[in-house]
Amino acid sequence: METKIFSKDQLDDAVKLLAKGELVAFPTETVYGLGAIATNEKAVKSVYAAKGRPSDNPLIVTVSGEEMMSRYVEKVPERAKKLINQFWPGPLTLLLFVKKGALPKAVTGGLPTAAFRCPDDKLTHDLIAKLGYPIVGPSANTSTKPSPTTAQHVYHDLKGKIAGIIDDGPTKVGLESTIIDLSVKNPVVLRPGKITPDELSKVLGEKVRINSGKVSDKEVPKAPGMKYRHYAPSAPVTVVDHADDFAKIDLNNETGVAALKGELGKIDLPDENKFNLGNNLTDADHNLFSSLRYFDDKANIKHIYVQGFSDGESSLAYMNRLNKAAAGHHLNV
Ligand code: TXA
Ligand code: MG
C-alpha cells in the first residue's frame, strides 16, 4: 500500500480515506496519533495490525468535544465536566464508563470503560468534525518504539501499512497526554503527562493519586499499555540523574549522549554522537522521543545515556517515559 503524505490543505482527501475505513495518522499537540473511525470494528482491528499492538491494549477515542463524547458514555460525571471546562481541548484523557455496545470491543478491549481525548489541535478538530465520528488515536508508532513527534517518525515506522499521514510539523508537547481514571471512587492518574496530579486536584477539589504503574505480567493493569516495554530504541538506555556524572562515563565512539545544551559542551564526543535536548525541561519533553529515534537510526551507537530530571511533578511525565525506555536502568557511580 502506498502511504500518502497530506499537507494541512488536503484534509478532505484524508477524510475520504478515513470514511472508507482506511487508516490515516494525524497530528495532535502531544504526539502523532493513528486514526480510524472508532465505530468501524474492521478499521479499528487493522490499527492493531499496523502497529503490531497486543489486542488486550485498548485504544484512546479522539473526540471533538464533550457533545461527541456524550454519545458514547453512560453519563458525563460532574468531575469530568469540571476537568473538561478547564483542560479541553488539551493533553488530558478521561477514563469513563461507556454505554454498552456503543463502541466496538476492539476499541475498549472488552472493558466497561473507554479513554476519551480532545486534542488541542485545530486540524484534528476539523478532521473529526468533517468526518462526523470519533477516531481512535493510539500513538502512531510501531508498538514498543518511541512515540512519533513528527510525520517522518510515523512514515519511518508505518510506511506501506497505512493509507496516509497528515503532516503538520513537529508536535508541541512531545509526550503523550495525562490519563485520569474517573470510573473509580477516588480519581487516579494512570499515565503522567503535561497536566500534573496537583493541577487536577486543584480543579477537582479532591486529592488525585498517581498509579505507580508497577504490575506483574500476570496482573491485569488499569492502563493495559503501561505493562509493556515501551519507548525503547534498540540500543540500551541509561538514565544519568546528575548531569555532573556525565564526566564519569567511559565515553567512546559507540556512545550516544542526549542532554541539555549546556551539558553537551562538556562532553568529549563527536557532534553526531550528541543530541541536544534543549535548554530546559519543557524542551527536553519536546525532544526526548526524537533523541531516542535519532540514535536508533545509527547502527554504530551501542549505548545511549540520557539526562534525567528531578523537578517534582513537572518532571513526572519525562521520567516516566525515560525510565521505561531505560527499563529502569540508572547510572551508578
Ligand atoms: O497523547 C496521547 O494520548 C496520544 C495522542 C495520539 O492522542 N495517544 C496515546 O495513545 O498515547 P496510546 O494508545 O499510545 O496510549 C493510550 C493508553 C494505553 O496505555 C492504553 O492501555 C490506555 O491508554 N487505555 C486506553 N483505553 C483504556 C481503558 N478503557 N482502560 C484503561 N486504559 C486504557
Ligand atoms: Mg503509545
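UniProt positions are given in the numbering used here, and annotations may be inferred rather than shown by experiment. With that understood, the UniProt record places the feature "binding site", from an unreviewed entry, at T30, R117 and S177. These three residues span 148 residues in sequence, yet no two of their C-alpha atoms are more than 11.3 Å apart, so they gather at one spot. The structure described in this report is a predicted model.

## Annotated positions

T30 sits in the loop that runs between β2 (24–26) and β3 (33–35). With a relative accessible area of 3%, T30 is buried. When neighbours within four places in sequence are set aside, the residues in contact with T30 include R117 and S177, which the UniProt record also lists under the feature. Other contacts of T30, among them P91, T149, T171, V173, G174, L175 and E176, complete its surroundings.

The record also gives "binding site", again from an unreviewed entry, for R53, N57, T113, S139, S147, R191 and Y231. These positions span 179 residues in sequence, and the farthest two C-alpha atoms are 25.1 Å apart, so they do not all gather at one spot.

Two members of this second list can be described further. N57 belongs to the loop between α2 (41–51) and β4 (60–62), and at 7% relative accessibility N57 counts as buried. T113 is part of strand β6 (residues 113–117). T113 likewise counts as buried, at 9% relative accessibility. Apart from neighbours within four places in sequence, T113 is in contact with L95, L96, F97, V98, T108 and S183.

## The pair of helices α10 and α11

Helix α10 (residues 281–296) packs with helix α11 (residues 316–325) at an angle of about 25 degrees, and their axes are 10 Å apart. Angles under 35 degrees count as roughly parallel, and α10 and α11 are therefore roughly parallel to each other. The crossing of α10 past α11 is left-handed.

On the side of α10, the residues that meet α11 are L281, A284, D285, L288, F289 and L292. Their partners in α11 are Y318, R321, L322 and A325. The residues of this contact divide into eight nonpolar, no polar and two charged. An α-helix has 3.6 residues a turn, so residues three or four places apart point the same way.

Helix α11 is mostly covered, as eight of its 10 residues are buried. The buried residues are A317, Y318, M319, N320, R321, L322, K324 and A325. They pack against α10 and also against the strands β10 (188–191), β12 (237–240) and β15 (303–307).

## Individual loop residues

L277 is located in the loop between β14 (274–276) and α10. L277 counts as buried, at 0% relative accessibility. Setting aside neighbours within four places in sequence, L277 is in contact with residues including A284, L288 and Y318, which also take part in the contact of α10 with α11. Further contacts of L277 include A258, A259, L260, D283, N287, S291 and V306. L277 and Y48 lie 229 residues apart in sequence and 31 Å apart in space, C-alpha to C-alpha.

D245 occupies the loop between β12 and β13 (255–259). D245 is buried, with a relative accessible area of 10%. Not counting residues up to four places away in sequence, D245 touches V240, L331 and V333.

The table gathers the relative accessible area of several of the residues discussed above and below.

| Residue | Relative accessible area | Class |
|---|---|---|
| T30 | 3% | buried |
| N57 | 7% | buried |
| T113 | 9% | buried |
| T144 | 37% | partly exposed |
| D245 | 10% | buried |
| L277 | 0% | buried |
| A327 | 61% | exposed |

## Backbone geometry

Most residues other than glycine have a negative phi, and most peptide bonds are trans.

A cis peptide bond joins W88 and P89, with omega of about -10 degrees. P89 lies in the loop between α4 (78–87) and β5 (92–97).

T144 is not a glycine but has a positive phi of about 80 degrees. T144 is in the loop between β7 (135–136) and α7 (151–158), and at 37% relative accessibility T144 counts as partly exposed.

A327, a residue other than glycine, has a positive phi near 45 degrees. A327 comes just after α11, in the segment that follows that helix. With a relative accessible area of 61%, A327 is exposed.

Notes. Residues are numbered from 1 along each chain as its sequence is written. Chains are lettered from A and ligands numbered from 1 in the order in which they are written. This is a predicted model: local features need pLDDT of at least 70, side-chain atom pairs count only at pLDDT 80 or more; totals for chains, interfaces and linings use all residues. Side-chain values use heavy atoms; hydrogens and water are left out. Axes are lines fitted to C-alpha atoms, for helices over the stretch in contact, and angles run from 0 to 180 degrees between N-to-C directions. Helices (H or I, at least four residues) and strands (E, at least two) are DSSP runs, numbered from the N terminus. Angles under 35 degrees count as roughly parallel, over 145 as roughly antiparallel, 65 to 115 as roughly perpendicular and the rest as oblique. A crossing is left-handed if the near helix is turned anticlockwise from the far one by less than a right angle, and right-handed if clockwise. Contact means heavy atoms within 4.5 Å. Ala, Val, Leu, Ile, Met, Phe, Trp, Tyr, Cys and Pro count as nonpolar, Asp, Glu, Lys and Arg as charged, and the others, Gly among them, as polar. Buried means under 20% relative accessible area, exposed over 50%, partly exposed in between (1.4 Å probe, protein chains only).
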